[in-house]
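Hi,

Here is the structure I promised to pass on.

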Amino acid sequence: MRKTFFVATLAGCLVAPTASHAEDAAPPPPYTLTGNFTLASEYIYRGIGQSNRKPAIQGGIDFTHSSGVYVGSWASSISWLSDQSSFWPGTPGVSAPMEWDFYGGIKNTLANDFSYDVGVLTYYYPGSYPDGFVSPNTTELYVAGGWKTITLKYSYALTNLFGATSPLDTTQKASDSGSYYVDLSGSFDLGEGFGLVGHVGYQKVKGALGADGSSADYTDYKVGLTKDLLGFSLGLSYIGTNANGDVGQFYHNAYDKDLGKGRVLFTVGKTL
């Protein structure tokens, strides 16, 4: 009897704390806070070079509530605004080495792996600009629908688009609001930490032309591989466009570069 009582008591001592810890365990927080950091061989946005074929440093932070509401901020080094100073009429003395984005919205996954995402995004370019310079700051509304890892997204500019102007217009009138971008993207798990990514998009720029009268509208595409390695995410992709980037056209910069020309992009990123 004593032996039985001792064993029962010992078992109770071992089990009881476990039950107590389970009861005391706090529920998961109703939100997540994550950060990210990336080194890129170049900053390319919607197929167009933003850093004159030079490396870029990027990073951001995101707050997401269990309801699906989220807010976040992301930034990258750039050079495209200062690059144009000696090329675009009326734009000397521009110094803007950074893009700083702010966004918020709501997204959720529905039945049968369908999802939605609705929000607003502001692109902010802190720096110094000459009097009369058209502000590049831009605000877009976006709505996206997805199925599993495939997403279709539509972004609509409430302001002029990145300060886009036409050299044919000596008043430096900005592009009109109402420019838009349609984006179809997908990612596919290949196993062993490898992934395949693909994208095609169309950018409509209202009210802006190249010096030769060529359109600023274009289509861009991307195909690439990703690899998870030692806690980092590696990316290697090819990005191309049909943007007009010859001399005198909209996407040709002061350093004689076609900003939409096809090229390879390499990235190293980490989520914190």
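Below is what turned up, going from the rings to the strands.

Two bits of housekeeping first. This is a predicted model, so local features need pLDDT of at least 70 and side-chain atom pairs count only at pLDDT 80 or more, while totals for chains, interfaces and linings use all residues. Residues are numbered from 1 along each chain as its sequence is written, and side-chain values use heavy atoms, with hydrogens and water left out.

Rings

A search of the whole structure gives 14 aromatic pairs. For a pair, the ring centres of Phe, Tyr or Trp (its six-membered ring) must lie within 6.5 Å; planes under 30 degrees apart are called stacked, over 60 edge-to-face, and the rest tilted. One of the pairs is Tyr 31 with Phe 63, which is stacked, with 5.4 Å from centre to centre and 20° between the planes. Tyr 31 belongs to strand β1 (residues 31–40) and Phe 63 to strand β4 (residues 56–65), so this pair ties together parts 32 residues apart in sequence. Strands here are DSSP runs of E, at least two residues, numbered from the N terminus.

How accessible are Tyr 31 and Phe 63? Tyr 31 is partly exposed at 40% relative accessibility, and Phe 63 is partly exposed too, at 33%. (Buried is under 20% relative accessible area, exposed over 50%, partly exposed in between, using a 1.4 Å probe and protein chains only.)

Elsewhere, ring pairs join Tyr 45, Tyr 123 and Phe 162 in a cluster.

Two lysines sit over rings as well: Lys 107 has its charged end over Tyr 70, 5.0 Å from the ring centre, and Lys 153 lies over the face of Tyr 142 at 4.5 Å. The cut-off is NZ of Lys or CZ of Arg within 6 Å of the ring centre and within 35 degrees of the ring normal.

Thr 38

Back in strand β1, you'll find Thr 38, which is buried with a relative accessible area of 18%. Leaving out neighbours within four places in sequence, Thr 38 has contacts (heavy atoms within 4.5 Å) that include Ile 57, Gln 58 and Val 268.

Strands

Strand β12 (residues 218–229) pairs with β11 (residues 194–204) in the antiparallel sense over ten bridges; pairing takes at least two DSSP bridges. Within this pairing, His 199 has Lys 222 as its bridge partner. β12 also pairs antiparallel with β13 (residues 232–241), again over ten bridges, and there Thr 226 stands opposite Gly 235. β12 and β13 make a hairpin with two residues between them, and Leu 230 in the turn has a positive phi of about 55°.

Cheers

How values were computed. Helix = DSSP H or I, 4+ residues; strand = E, 2+ residues; numbered from the N terminus.
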